[in-house]
Amino acid sequence: MTARDEKRELEAVEKLLAEGLSDYVWSFISLMSQTLIAAPPWQNSKFGKLDILVNNAGIAGVVVDVEAFKAVAHEPGGAPKVDWSKMASQPYEAAAECLQTNYYGVKRVVAALLPLLQLSDHPIIVNVSSSAGKLKNIPSQRIRGILDDTENLTEEKLDDLLDEFLKDMKEGALESKGWPQHMAAYFVSKAALNAYARILAEKYPNVCINSVCPGYVKTDINYNTGVLSVEDGAASVVRLALLEKGAPSGRFFIRQEDTDY
């Protein structure tokens with residue numbers, strides 16, 4: 001269990017321990033996932049394996065006019081209809097950080113913890129994604145084709161595509177090159193995360209790996225303007241975390257629904 005806020009993490013751990021889960025809670029503070037690789041915390045841990053990994057870290061990659069966003073988000077129709085061109089800017093630095101958190105952060109954590117997952121009888125990885133990552137949200141047919149080429153897509157090709165995105169963003173060429181226009185890094189990072197789940201599922205058939213959009217949940221990323229409670233959002237994640245052997249792998253779910261990419 002990790003968190004960006006040490007106080008909140010320790011409070012959560014105490015609640016879990018009070019519920020009698022001392023044999024299952026493994027907590028460490030890691031503000032950057034690189035720490036996992038530099039000093040694997042399980043070296044001195046009582047835990048000999050890992051059964052379930054949930055990757056939930058995510059940032060928006062934009063600088064938001066928070067008050068204006070909240071005002072619009074609480075109108076009939078809600079935040080999904082927000083005109084992001086009027087509510088947020090997307091500096092290159094924020095976009096790069098978004099990719100590092102939403103996509104590369106997941107890759108680093110998976111790489112660090114995969115040895116423990118492989119010791120489980122039924123290892124499961126759940127990537128918390130978003131419907132923003134659906135391929136229909138990317139204008140370029142070429143880019144959609146690369147991400148949808150299940151047979152030939154590799155981590156290296158995915159990394160090259162993300163490098164291309166950042167280059168085009170730096171050069172102000174998102175529209176001309178067929179990338180999403182608003183919240184571009186968030187959309188692209190989630191599309192990459194969905195594709196990464198398929199790559200992993202192909203590479204590690206003994207690991208059940210899926211991505212899920214939990215819905216528009218009230219969390220810090222949307223300044224608590226969501227329509228679903230944290231409990232409702234978590235239910236979709238927990239369902240995938242508890243799938244039985246032989247369940248689908250490499251899929252993308254929107255809440256409970258197995259859907260197309």
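Modeller: Helices (H or I, at least four residues) and strands (E, at least two) are DSSP runs, numbered from the N terminus. The chain has 10 helices and 7 strands. It's a predicted model, where local features need pLDDT of at least 70, side-chain atom pairs count only at pLDDT 80 or more, and totals for chains, interfaces and linings use all residues. Residues are numbered from 1 along each chain as its sequence is written, and side-chain values use heavy atoms, with hydrogens and water left out.

Colleague: What share of the 261 residues counts as buried?

Modeller: 45% of them. Buried is under 20% relative accessible area, exposed is over 50%, and partly exposed is in between (1.4 Å probe, protein chains only).

Colleague: OK, new topic. Where is Gly178?

Modeller: Gly178 is in the loop between helix H8 (174-177) and helix H9 (184-203).

Colleague: And is Gly178 buried or exposed?

Modeller: Buried, because its relative accessible area is 9%.

Colleague: What is Gly178 in contact with, leaving aside neighbours within four places in sequence?

Modeller: Ile138, Pro139, Ser140 and Ile143, with contact meaning heavy atoms within 4.5 Å. As for Phe165, 13 residues away along the chain, its C-alpha is separated from that of Gly178 by 9.9 Å.

Colleague: How much of the contacts with a separation of 6 or more comes from residues 24 or more positions apart?

Modeller: Those account for 72% in this chain.
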